[in-house]
Amino acid sequence: MSQPLRHTLDATPWRMSRDRFLDSSTIWMLLIGAAALFLLLLVGYPIAYNLVMSVQEVTLGNLPSFSRPWVGLQNYRQLLADPLFLLVAKNTLVFTVANVAVQFVLGLGLALYFQLSFPASSFLRGLVLVGWMLPPLVIGAVWKWLLGSDSGFVNYALQGLGLISGKIYWLADPSLSLLAVTIANIWFGVPFNMILLAAGLAGIPADIYEAAALDGAGPVRRFIWITLPLLRPTIYALLSLTTVYTMRAFDLIYTMTHGGPLDSSNIFPVWSYRMSFELFDFGGGAAIATAMFALVLVVALAYVRSVNAERPM
Amino acid sequence: MSRQGSAGDGMRRALAPVRSWLLTTGGIAIAAVYLFPVYWMVISSLKANPELFAATPTLYPHAPTLAAFRWIFARENVGLYLQNSAIISFSVTALTLVLATGAAYALARIRTFWTAAMVVAIMAVQVLPPPLLVTPMFVIFRQIGLVNTQFAVILATTTKVLPFAIIMLRTSFAQIPVELEEAARVDGCPRFVAFFHITLPLARTGYIVVSSLVFLLAYGEFVYPLSLMNHKELQPGPVGLYSFVGADFADWPDALAFATVFVAPVIVLYMFLQRRIVSGLTAGALK
């Protein structure tokens, strides 16, 4: 192990024992082991524990004890039978697809625009990235304020433009609440898409474009035949990352609508959380979480594969 | 064909300043539209009550006031929320950097099947969403009596940022040629002195980017403090902000002032480090 180091080190007879220890594989294992142990105890164990809880009946009463009634797949069966299940599944699907698609398109547009060389382009791109740095709770608060029905700026602007006549109840109307939280989450996620696509674009060698231009390819054809294919690994990685990050929209949804009204903006992570911490049905919450973990890990695997395809290390 | 080309080039050169000007204007417009919500939050927080809820909102505060800010610091204990946020975020950042440094360095220097597998596992852990992890974490912390401590929140939040820190720092270390350390060692410098005197300073930019992003992520974390603590006096800013805006009828003047105060350090930090964060993200976020 660590061959590049060994070949010079073994030839030095003056090495002290402390040095020998610091060169040995023990130190490497300790260095990796500390972080690995931390993650194993605080991520691995909770995931395993979650799986166990999902086949138990876990209530506030038996929370501190380790022996709880085993109920087999009953938690899962109850979820599937729950009238909310189909609604939440539909919401999650719509929310995720809309977010991933719109964030990608807008992010690509912005990345392409700021890639055109013009004064202050990278500074302005950096300004847009601010959105992604803000605490999600602040974003939720700001959008709840903007989308307010009575004194929200969005309604005022739409009325001023003559697009709507009455007030729109963005957050209180069950047919609009999912759209409202989607808009806020798109605002949050676009800069991340933009910056990763910008990185991908910067990695495409300029001479390929020049050669294509000499061959008479216009901007549209260069985009379709050069940019998109060469960007493919970045695009795959980005789409899988955005899909998974959509699961983190919990903070925004919880702040803006709490999943309501009438569960119209409820998605699986919110449902799982409310099942555990509002209904105190920890087994049910764990069952939803287990199913989502499986889904997230599949997407994560796709992400890791595309990253390794992009940069074999 | 060639004559046409050169005429077109001449035209393009003549129009270059116009093009730059148009593109910059467009860029400013995009940034302005995008950042409008942040602007709106700040100027709304400076408005007094009738103006704040006016049917025709004013685009800037006609009678700016700091009343809401004074109120939240005097009556709503915002200082305590911010102090808790600082304690938690700095602790998470310190713990993360300590744990990530060794792992990232080792994973950058040793290339075996097992370290590669480890990197893959860490990348997978990186994407696990806190709202799903929090149910088992709460039960486990409850069983070992850690619920209602900031320590529990610090541990939980570290799980969210540690994988990301390891992956980004590993990229930084991998870019530093191992020959530099070897040269120092041939001159009689012990390995770990070489690490602190040569490798670590060279990874400085990586550390600045990683520690600021880790800090910002920890600063914004909401789910873990919300669920792992229920004592109000232990809670950080996001949970405090939630108590203003979470209800159906939010306390808007105070909520907006609080949001503005809470977000100010983020924007200041970002403005200082913008160039480094952008280049760090583009170089290391995906790899």
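Colleague: Before we go on, what's the ground rule on confidence here?

Modeller: This is a predicted model, where local features need pLDDT of at least 70 and side-chain atom pairs count only at pLDDT 80 or more, while totals for chains, interfaces and linings use all residues. Residues are numbered from 1 along each chain as its sequence is written, and chains are lettered from A and ligands numbered from 1 in the order in which they are written.

Colleague: OK, back to that pair. At what angle do helix 7 of chain A and helix 12 of chain B pack?

Modeller: About 20 degrees, with the axes 9 Å apart. Axes are lines fitted to C-alpha atoms, for helices over the stretch in contact, and angles run from 0 to 180 degrees between N-to-C directions. The two helices are therefore roughly parallel to each other; the classes are under 35 degrees for roughly parallel, over 145 for roughly antiparallel, 65 to 115 for roughly perpendicular, and oblique for the rest.

Colleague: Which residues meet there?

Modeller: From helix 7 of chain A you have A:Leu137, A:Val138, A:Ala141 and A:Lys144, and they meet B:Pro238, B:Leu241, B:Tyr242 and B:Val245 of helix 12 of chain B. In contact means C-beta atoms, placed from the backbone, within 7 Å. By class, that contact has seven nonpolar, no polar and one charged residues. Nonpolar covers Ala, Val, Leu, Ile, Met, Phe, Trp, Tyr, Cys and Pro, charged covers Asp, Glu, Lys and Arg, and the others, Gly among them, are polar.

Colleague: And how many residues of helix 7 of chain A are buried?

Modeller: 11 of its 11, including A:Trp143, A:Lys144 and A:Trp145. Buried is 20 or more other C-beta atoms within 10 Å of the residue's own, exposed is 12 or fewer, and partly exposed is in between, with C-beta atoms placed from the backbone.

Colleague: Why is A:Ala202 classed as exposed?

Modeller: Because A:Ala202 has 12 other C-beta atoms within 10 Å. A:Ala202 lies in helix 9 (residues 177-202) of chain A, and its C-alpha is 9.8 Å from that of A:Ala111, 91 residues apart along the chain.

Colleague: Zooming out, how many residues are in contact between the chains?

Modeller: 84 residues of chain B are in contact with 86 of chain A. The chain B side has 64 nonpolar, 14 polar and six charged residues.

Colleague: What about domains in chain A?

Modeller: There's domain 1 (3-53) and domain 2 (75-310), with bounds from an automatic or database domain assignment. Their C-alpha centres lie 37 Å apart, and four residues of domain 1 of chain A are in contact with six of domain 2 of chain A.

Definitions and conventions
Contact = placed C-beta atoms within 7 Å. Helix = DSSP H or I, 4+ residues; strand = E, 2+ residues; numbered from the N terminus.
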